[in-house]
Amino acid sequence: MTNGTASEAETAVRPPIHRLTHDGRSGELFVIFLINLALSILTLGIYRFWGRTRIRRYVWSQTSLLGEPLEYTGRGIELFLGFLFALVVIYGPIIGLYFGLDVELPDPGEEFGGTKLNRLILFVAIMLLAIPILMLFYYVALFAAYRYRIGRTSWLGIRGGMEGSAWRYGFLGLGLGFLNVLTLGWTKPWADSVVFRYRLGRAWFGNGKFDSHLDADGLYSRYALAWIGTAAAVGAMFAGLATIGLDGQVLDRGTAVDPVRMQIIVIAIELTPLIVYQLLICAYKAALVRNIARTLTYGSVRFRADVTFKDVFKLRIPNLLLMVFTLGFAYPYVVMRTTRFIARHVEIHGDIRTAAIGQTEVGTPRYGEGLMEFFGIGMI
Amino acid sequence: MPDRGASAAGTYTDGRTARRHSVRATIGVDGLLIDSDDGAVVETWPFAELRLVDEAYAGRPFRLKRASGAERLTVADSDFLDWLRPHTGRLSRNDLRGANLKVRAAGWIGATAAILAGFWFLLPLAAGPIASRVPLSWEEGLGHTVQRQALALMAGDSRLCTGRSGQLAFARLVQRLSATKPSRYRFRVTVVDNSTVNAFAAPGGYIVVFRGLIDKSADAEGLAGVMAHEMGHVIERHGMENLVKALGLSFVMSALIGDTSGFAGIATDMAQSLATSKFSRDAEREADRIAVEMLNRANISGRGFRAFFQMVARETGQEDKSIGRYFASHPATRGRAQFVRTHATGTRPAMSASEWQAVRTMCDR
């Protein structure tokens, strides 16, 4: 019950510090993972909604605060129905439009003009207009997914909740996304802080509300480093590709190199900016996590997550490599690493007066995060 | 029952506030008695209504609820669960009653491997019957898309050869061949101005011939043999079978990866796999057999077809890249030349000298 609680002598002057504890084991999660895999294949993928629910239930139940485990109360059917709904929302209009307009693509060499051409142009134009709509959906889906997870998480029999509007969050994300494009990414740290503040500041646990006064303090220097480093890497990539020639011939000698080796070199060159970005962005992500924790409050409770560049680097890069090189089979281990990382670094400062926390009044969504399925982010 | 009266310390929450009550849980006559020292909690949960909230693991606390109620009871001593079990029904859908982790893991690894192996072996077997049930209009639509995608992949050098008399000669040849073996397909041949020695058959009768193939054919009979071979692929629905296999495989893959967005990419992947088509040895042999049958019935000499295989065998041996790329997937070329020699009985040319000339120049601008 006194997990991580500071010594009693200090309690008088300083509020106690609590940490999450995580007792999960990769082996146990791996068994669940394998069961899910087998059943997903047998059901052509449909079981994965139930599978994901089972994985969450395990991860939640093995994570405790004050010795009391969290509980995930979501159900597979909710995820499945959300997915079906999203399927109609995303694919319905596209298919309807394609057939409604009777679009034909030109055959090579075919004379292509008149109404056929007009219909194709109209279709392409509508699809281009649909890109912002898809981006809007992405942010709406993100908010809905967080709202679902928070609403289906409970601790000590009390659940979380999220107020605010997914659509408003969607438009906020869309607008900031455009701004980021216009400024070549230089508004991203500020935009990130706005978006996180919106979400975190609307979260509830029981009848108590979280608050966030997150700003972009200290984010810009780390972001600038990643931006400039990545830009330099992109420049180096083009220089490299120009030297060896895009067709795999070394230009100045004009001789063909072993094509397989050439392919490997070309891929390595093309991957450089991505690798540089992934490395450098760790510093930014660490600063973002620190700021989010520092500016988050729940009543008199405060938070800390003093992660460094090295911490985030040691979490992200091995996770990435593990997933790639085991073709996803390291998933349970990656989930465990991540959960343990959170348990190790997140500190909760202050008295959690459980007796004073009542059940939440914030409603919970009936169906889960279906839209998110189409954007494929989020690990668990 | 021996364990009646056994008890353990636990924590109770009522689902209304987060207040934790230290309680004593005791196995009673027809339920679990829960009571706190201060008397704030006094409850009996009937055994039939007891449920595990999560999967329970030995040595770690477990959590109980009462049917779908909001109350929770957490007990630190996992042995208590073993004492409790004889009194209750199944405590959860995933109640695994002390199952051995290693045995479970091995079982599920085995099951997964068996399922994957099943797909691996059953998919090719199922592909044929499934492909033959695809309506013609679908097959034609699909073939058209595949042909268009494949031509689009060649981007810059995909100019079509539209020499009028050459097209007519081609049409007459295809007509003559298809008349020997009635099928539901209408064959549509497209010639592309590309030096690769290649030809492929998309489902539904869409055949694409590269200029390089015409250039490398010594005579019209060689071209006729290759055309008949491709028509054989169409009639036997080899392309369709490949697509069914690819589709099945991508279903499995997306189940593995859990990524639905991948479904959108399947159509293009299919086109790609067909454009760089690799039919199995058996499919190639079958197409060869049909080709010779067609040539024989049309009384077209097999000499050119045989010469074509010999040319391919020779040039593949010299590692001519433009040929090797495609015909590497056509194994044992010399054996195929041998097959043509033993079975071909035709004696007549495939087209007139002027028609052949028209075909050879149909790509000239």
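In chain A, residues 24 or more positions apart account for 69% of the contacts with a separation of 6 or more. The model described here is predicted, and the values that follow were computed from it. The secondary structure of this chain A comprises 11 helices and 10 strands, and of its 380 residues 34% are buried.

Chain B can be described in the corresponding terms. Its secondary structure contains 13 helices and 10 strands, and 37% of the 365 residues of chain B count as buried. Among the contacts in chain B that link residues at least 6 apart in sequence, 64% join residues at least 24 apart.

Two packed helices are described by the angle between their axes and the distance between the axes. In chain A, helix 2 (residues 26-42) and helix 11 (residues 331-345) have axes that come within 8 Å and cross at roughly 135°. Because angles over 145 degrees count as roughly antiparallel and those from 65 to 115 as roughly perpendicular, helix 2 and helix 11 of chain A are oblique to each other, and helix 2 of chain A passes helix 11 of chain A in a right-handed crossing. On the side of helix 2 of chain A, the contact is made by Ser26(A), Leu29(A), Phe30(A) and Phe33(A), while helix 11 of chain A contributes Tyr331(A), Pro332(A), Tyr333(A), Val335(A) and Met336(A). By class, the residues of this contact divide into eight nonpolar, one polar and no charged.

A further helix pair was described in chain B, where helix 4 (residues 164-178) and helix 6 (residues 220-235) pack at an angle of about 55°, with their axes 10 Å apart. Helix 4 and helix 6 of chain B are therefore oblique to each other, and helix 4 of chain B passes helix 6 of chain B in a right-handed crossing. Leu173(B), Val174(B), Leu177(B) and Ser178(B) of helix 4 of chain B make the contact with Ala224(B), Met227(B), Ala228(B) and Met231(B) of helix 6 of chain B. The contact of helix 4 with helix 6 of chain B has seven nonpolar residues, one polar residue and no charged residues.

Definitions and conventions
Residues numbered from 1 in each chain as written. Chains lettered and ligands numbered in written order. Predicted model: local features only at pLDDT ≥ 70, side-chain atom pairs only at ≥ 80, totals over all residues. Axes fitted to C-alpha atoms, helices over the stretch in contact; angles between N-to-C directions. Helix = DSSP H or I, 4+ residues; strand = E, 2+ residues; numbered from the N terminus. Parallel < 35°, antiparallel > 145°, perpendicular 65-115°, else oblique. Left-handed = near helix turned anticlockwise from the far one by under 90°. Contact = placed C-beta atoms within 7 Å. Nonpolar A, V, L, I, M, F, W, Y, C, P; charged D, E, K, R; others polar. Buried ≥ 20, exposed ≤ 12 C-beta atoms within 10 Å, placed from the backbone.
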